[in-house]
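Reader: I would like to learn how to read the pockets and the ring contacts of a protein model. Could we go through them one at a time?

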Amino acid sequence: MAKFSEDDVYIFNKERECMQREDMKELQLKRLKNTVKYAYEHVDFYRDLYDKHNVHPDDIKTLEDIQKLPFITKDDLRKTYPFKLQAAPKEDWKEVHSTSGTTGIPTVAAYTQKDLDIWAESTARGLASVGVNPKSIVNVAYGFGLFTGGHGAQYGAQKIGALAVPMSSGNTPKQINFLKDFPADFLCCTPSYALFIAETMEKEGMDPKDLPLKGGLFGAEMWTEEIRAKLEEKFDISAQNIYGLTEVIGPGVSTECHMKDGMHIAEDHFYPEIIDPETLEVLPEGEEGEIVFTSLTKTGMPVIRYRTKDLTSLNYEKCKCGRITVRMSRIKGRSDDMLKVKGVIVFPKQIEEVIMKVDELAPAYQIIVSRPDTLDEIEVQVEIDQANFSDSITDLETFRNKIAKSIKEAIGIGVKVTLAEPFTIPRSEGKAKRVIDKRDFS
């Protein structure tokens, strides 16, 4: 990748990102004690919950004592809608954000100025690991509004001193013009929208490589190494992963450095645990399970032992980049997004990994699960790339069977593969909707 150089990346906050493990633990314990006490004294929900479980802030004497505290879930956040989990007085609120609420009542978080400062700091660390510096131009094509994505990237860029272009998502022709006319060095958006930008440029006879982009931070949806390869090839950039949740703070909870070997968690602000989603037991280092976060410094809406449903693992080894902060692996899936089909657990990511390895296919697909009679069926709709649509694939039936065989080998059950013409599968300018489950479980 000619435009990206490892010499451009740097560690934004060496004091924290390179803090020795024992010093980090000491800081985390101090902040954990303060957070539990603060939440108990200022939020009725936490006080009632801890009283019910016969636990008190004074019981937290070691980091392991966090396991005495009960978990909270998105259902708890919905039950306390809109502001019953807020700890700071309303006069201290500076901003309010919310989840989309597409699966139920949205969760709402109020941010104090301290929270916004922490958010900017955390995201700045990630942007620096891509190479953003005070002279950079960062195109922010995440959505704005109540969604945290755009705001977090903008705050991080401004914290570094870079120029942030708050484009938001959508209006792709204008997006492309601004990427050229305000020559952005870095792009922040969902990976699916970045690919859509590239597709749109190619459709209009433009080469995405001609953009001055050097790198990008992509998140807000699960994506694979195969998607990374396509992003890096199409734009000639370094593509890195960023992770966050509105409930915890937003993007910047963890970010991937240029080594691309896991996302560094800002663990001086967000304490991670990995649990078995069935037994709820805390798992040893390296084992895969559901990640749970506790905010250690938030004052607007502290979250303590929040179950994210995201499946990953933790690596505490020192990274080759020099950072010592713990790294979380790429999200495998969500414990509540697993598809159980014919008794087999299927993650959409497994199917995506197969599709993205086929050069003749565009990075657009949909998985449709149905039950026409008594048995489940999976249909995978894949789109032939426009460059291969007319003449490169001479035997479509053989090509389709080859894809179906590869998917079956990956997930263990057969699927129906449908080949679609270029640009017929719906694109998204925000989070891509990949799975449509038509089964009626009522």
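Author: We can begin with the elements: helices (H or I, at least four residues) and strands (E, at least two) are DSSP runs, numbered from the N terminus. This is a predicted model, in which local features need pLDDT of at least 70 and side-chain atom pairs count only at pLDDT 80 or more, while totals for chains, interfaces and linings use all residues. Residues are numbered from 1 along each chain as its sequence is written, and side-chain values use heavy atoms, with hydrogens and water left out.

Reader: Which element gives the largest share of the lining of the second largest pocket?

Author: A pocket is found on a 1 Å grid over the protein atoms alone, as an open set of points where a 1.4 Å probe fits, with protein on both sides within 12 Å along at least five of seven lines, and its lining residues have an atom within 4 Å of a point. Here the largest share of the lining, four residues, comes from β10. The lining has 19 residues, and Glu-64, Tyr-271, Pro-272, Val-282 and Tyr-316 lie nearest the centre of the pocket. Two or more lining residues come from each of α2 (21-42) and β10 (270-275).

Reader: Is Trp-119 buried or exposed?

Author: Buried means under 20% relative accessible area, exposed over 50%, and partly exposed in between (1.4 Å probe, protein chains only). Trp-119 is buried, at 0%, and Tyr-155 is buried too, at 17%.

Reader: What kind of pair do Tyr-193 and Phe-196 form?

Author: The centres of their rings are 6.3 Å apart and the planes are at 40°, so the pair of Tyr-193 and Phe-196 is tilted. Tyr-193 and Phe-196 are three residues apart in helix α8 (residues 191-203), about one helical turn.

How values were computed
Rings of Phe, Tyr and Trp (its six-membered ring) pair if their centres lie within 6.5 Å; planes under 30 degrees apart count as stacked, over 60 as edge-to-face and the rest as tilted.
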